Amino acid sequence: EMLPPTLADVGETLEELNCRNNPDLRMIPEKVRSETELVLWVLKLHRANEVECQALLQYSDQLRRLNENAKQRRAQLVSQLEKLDQERLDIIRNAPSGIID
């Protein structure tokens, strides 16, 4: 079992957080379950990790979107380049002889 790491956000208002009688609580070492300050410290570590993971997921989503936009823009530019190249070849083919060597 776990305590919600968001308890760390209200830790300053808690006077006592005793988890001593919770043998299934894995996130808090057994020896410190009756020490409110240490329980809150562990919760703060978990909360900080949770916040960092959320930020990393957001950054990952942003990078994925930027990558997708870059791929689309590249495809547009390649298409535009192919059209311009075709126009250039048409001009060369249709130019009177001796004008373009």
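Predicted model: local features only at pLDDT ≥ 70, side-chain atom pairs only at ≥ 80, totals over all residues.
1. Helices (DSSP runs of H or I, at least four residues) and strands (runs of E, at least two) are numbered from the N terminus.

2. Residues are numbered from 1 along each chain as its sequence is written, and side-chain values use heavy atoms, with hydrogens and water left out.

3. On overall dimensions, the C-alpha trace spans about 95 × 25 × 15 Å along its principal axes. Gln76 lies in helix H1 and is partly exposed, at 47% relative accessible area.

4. On burial, 18% of the 101 residues are buried. Here buried means under 20% relative accessible area, exposed means over 50%, and partly exposed is in between (1.4 Å probe, protein chains only). The accessible surface of the chain is about 8,600 Å², and carbon and sulfur atoms account for 52% of it. These areas come from the Shrake-Rupley method with a 1.4 Å probe; for residues, only the protein chains shown count as cover.

5. Thr36 belongs to helix H1, which covers residues 36-94. Thr36 counts as buried because its relative accessibility is 15%. Beyond its neighbours within four places in sequence, Thr36 touches Glu15, Glu16 and Leu17, where contact means heavy atoms within 4.5 Å. Across the chain, 41% of the contacts with a separation of 6 or more join residues 24 or more positions apart.

6. On cysteines, the whole structure has zero disulfides, a disulfide being a pair of cysteine sulfur atoms within 2.5 Å. Cys19 is buried at 8% relative accessibility, whereas Cys53 is partly exposed at 36%.

7. On charge, there are 14 positive and 18 negative side chains, and the centres of the two sets lie 7 Å apart. Lys and Arg count as positive and Asp and Glu as negative, with His and the chain ends not counted. Each charge is placed at NZ of Lys, CZ of Arg, CG of Asp or CD of Glu.
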